[in-house]
Amino acid sequence: MVYKYDFLIIGAGVAGMSYALKVARANKGKVCLICKTTLDEANTAFAQGGVASVTNMKVDNFEKHIEDTMVAGDYISDRAAVEQVVRNAPSQIAELVNWGVNFDRNEQGEFDLHREGGHSEFRILHHADDTGAEIQRGLMAAVRSNPNIEVKENHFAVEIITQHHLGARVTRRTPYINCYGAYVLNPDTEKVDTYLSRITVMCTGGCGAVYQTTTNPVIATGDGEAMVYRAKGTVKDMEFVQFHPTALYHPGETHPAYLITEAMRGYGGILRLPNGDSFMEKYDERLSLAPRDIVARAIDKEMKIHGIDHVCLDVTHKDPEETKRHFPNIYQKCLSIGIDITKDYIPVRPAAHYMCGGIKVDLNGCSSIERLYAIGECSCTGLHGGNRLASNSLIEAVVYADAAAKHSLDHVDLYDYNEKVPEWNDEGTMTNEEKVLITQSVKEVCEIMANYVGIVRSDLRLHRAWNRLDMLYEETESLFKRVKASRDICELRNLINTAYLITRFAIERKECRGLHYTLDYPVHGYDVV
């Protein structure tokens, strides 16, 4: 089947839905939102902490937020991108509220602001401790009620279409690669359909599923980065994988691991060893509110020193009723496994959480491939640099959705559908009955990344990962050519491609910087290994 849309959006988190709503109201063509599962199962829904935006101008200002972001990013961040996000954040918060998203307010009706690690002021808007789920809820309601947006749930984008599919030789030096749409797997027919578009937007979210333990859902398989890289697009900063310092330690619950929001440390939570001793004073003067890379490495070192599989977060000194009111979902989750956070320490350990790199884009969200935009976690805007400042991701997604929508609406009339695109050819392939090959390979990828490309790295570990991944890549590509396209084989390809990119970029960075910490290039100052 061949479908035609003016705007084809691949991914349905906060970035994809925000963009869809913005272009749909312009009435400049048909809008299609491709969602690999259902609308409510996006990375956005798993974000607990909140959204960073300067709103209390009495004590806060844009310059403070900009500097906090630059410091957290180890001054690798692109200042133009930082300024764009920070200065446009308040207007996009107003847009979210207008779409029906509710943020907590105090008795005076003002936003109830939290403070998180790396922030110099209270500027985190939130909805209890499930902000992402609230944003997803509000946007889903707006999308579903918009007659101009067609939602295709449980559809999987296999590849983006370029002139390569028309028989042209495309390399990384090809000056004008064009995107004409995407090949999309229909779960009902088990056939790959052709989706032609004038504008394509990649909003596929994160890639935490390449690791054994992650706060991301199982669908976070790096699809966007992998598809664009295979299409010879430019990716950037893939070595900067952020590990959230405090995922709930509950053996067996690793995909996803339950997130204990950073707001809990902003609230006054103290990191301790299981015996009650605090330890962050050894690593940073900001203690438990140091940026995530520092806290994650400190926890990793303490676990290795003491031979333990977790540390603890302590909020037992806080008012019990206030704790329950601020963190109702965390309270109930912990209670379900026998932990009363008002009386007991919370067992925590780091888990893969956020990709700071991704598909390289400019200030308009344009990728290196013509007619292809990328926004949200799959993109690399330059905002995060070497390490993302807490709660900057959701606001980045909506700010760049706005920029991309404006730019694409101005340019969509310049493009036509490419009617010469061939339909997907699976002639001669067979149905894959050897599912064990795929599940075992996924397991191997996760183990390789956890063991060799984690919080602390070395050249020896990275090259070992490279060699193992190369073997898995060859096996998987051979299997992919023999069998019919399915979601599991496609996700495995994307996992391997993404793991390869993380490893390659880590090998190429010959320094300790931000989230990339290697034993072969010691960092000056304190030494956390």
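The model is predicted, so local features need pLDDT of at least 70 and side-chain atom pairs count only at pLDDT 80 or more, while totals for chains, interfaces and linings use all residues. Residues are numbered from 1 along each chain as its sequence is written, and side-chain values use heavy atoms, with hydrogens and water left out.

- Strands are DSSP runs (E, at least two residues), numbered from the N terminus, and two of them pair if DSSP finds at least two bridges between them.
- Eleven of the twelve residues of S8 (191–202) are buried, that is, under 20% relative accessible area with a 1.4 Å probe, protein chains only.
- S1 (residues 2–10) runs parallel to S8 over eight bridges, with Val2 opposite Thr194.
- S7 (residues 181–186) is antiparallel to S8, with six bridges; Ala182 has Tyr195 as its bridge partner.
- Four residues lie between S7 and S8 in their hairpin, where Glu190 takes a positive phi near 60 degrees.
- S15 (residues 372–374) is joined to S8 by three bridges in the parallel sense.

The open sheet

- The order S10-S13-S12-S11 describes an open sheet of four strands with antiparallel pairing.
- S10 (241–248) and S11 (270–272) are at the edges with a single partner strand each, so one side of each has no neighbour in the sheet.
- Neighbouring strands here are turned by 45 degrees against each other on average, direction ignored; axes are lines fitted to C-alpha atoms, and angles run from 0 to 180 degrees between N-to-C directions.
- S11 and S12 (residues 311–314) run antiparallel, joined by three bridges, and Arg272 stands opposite Cys312.

Definitions and conventions. Buried < 20%, exposed > 50% of the residue type's maximum accessible area, 1.4 Å probe, protein only.
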